[in-house]
Amino acid sequence: MLVFRSEAHVKRWLAGRPGGATIPITKLADLATAWWSDRLDPDWQPHAREQNQAILDRLGLVGDFWRLG
Amino acid sequence: MSPSDVVIRNATYAAFVDLGRAPGTHEVAERLGVATTDVLAAWRRLHEGHALVLDDNGAILMANPFSAIETPHRVEAAGRTWFANCGWDAFGIGAALGVDCSIHTTCPDCSERVDIEVRGGRPLDESPVFHVLVPAREWWTDIRFT
């Protein structure tokens, strides 16, 4: 899970190997907020897989690659 | 995950933030008035439940998004420097702390620095991209690689 300077850098780094998914850094920021913002809450409770999947779905991260299980 | 394990997990995270580093079992035990063996047993269950990651010696390696060890993903937030486990976690540290942050990492392709200021949850430089190599269902198969 890595940050690259641009999509061209991802492509060059992969060097023809099969890649995964590339998303804009703004989408990553939204994902991080949704995924991690409750992590230090005193009353934190574990996320169910369905909750985490709903976060991905809500951000448009859909399809087989983004299925948690 | 039992309620008592959640209490130990939450105390572990609170200690990580207060100390600015991963706590030892004794530091969490003192906070809660429990035995260190109880903390370690809970940590092992939390590790199995993917709520944190231990190293081979039973010490905390990851309390996601925080890393207990130095990584290429450095975050300045809340007046401290933290290490994140990956690019996603780097953004997660600011989100978890609820503060603006500065992320410093390197592009795996060209090894150039990538510095990102995050204000109000938004990156000021929107030109970088994020690549996830491993499909979601395999993230925990080898979390250190992921």
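A: First, pairing: two strands pair if DSSP finds at least two bridges between them. Helices (H or I, at least four residues) and strands (E, at least two) are DSSP runs, numbered from the N terminus. This is a predicted model, where local features need pLDDT of at least 70, side-chain atom pairs count only at pLDDT 80 or more, and totals for chains, interfaces and linings use all residues. Residues are numbered from 1 along each chain as its sequence is written, with chains lettered from A and ligands numbered from 1 in the order in which they are written.

Q: How many bridges join strand 1 of chain A to strand 9 of chain B?
A: Strands of a sheet pair through backbone hydrogen bonds, either parallel or antiparallel. Here strand 1 (residues 2-4) of chain A and strand 9 of chain B run antiparallel, joined by three bridges. Facing L2(A) is H131(B) in strand 9.

Q: What is the strand order in the open sheet of chain B?
A: Its eight strands go 1-2-3-5-4-6-7-8, with antiparallel pairing. Strand 1 (53-54) and strand 8 of chain B are at the edges with a single partner strand each, so one side of each lacks a neighbour in the sheet.

Q: Which residue is the bridge partner of H104(B)?
A: That's D115(B), in strand 7 of chain B. Six bridges join strand 7 to strand 6 (residues 101-106) of chain B, and the two run antiparallel.

Q: How many residues of chain B are in contact with chain A?
A: Contact means C-beta atoms, placed from the backbone, within 7 Å. By that rule, 39 residues of chain B touch 38 of chain A. Helix 4 (87-97) of chain B is one of the elements supplying at least two residues to that side, and gives the most, with seven.

Conventions: Two residues are in contact if their C-beta atoms, placed from the backbone, lie within 7 Å.
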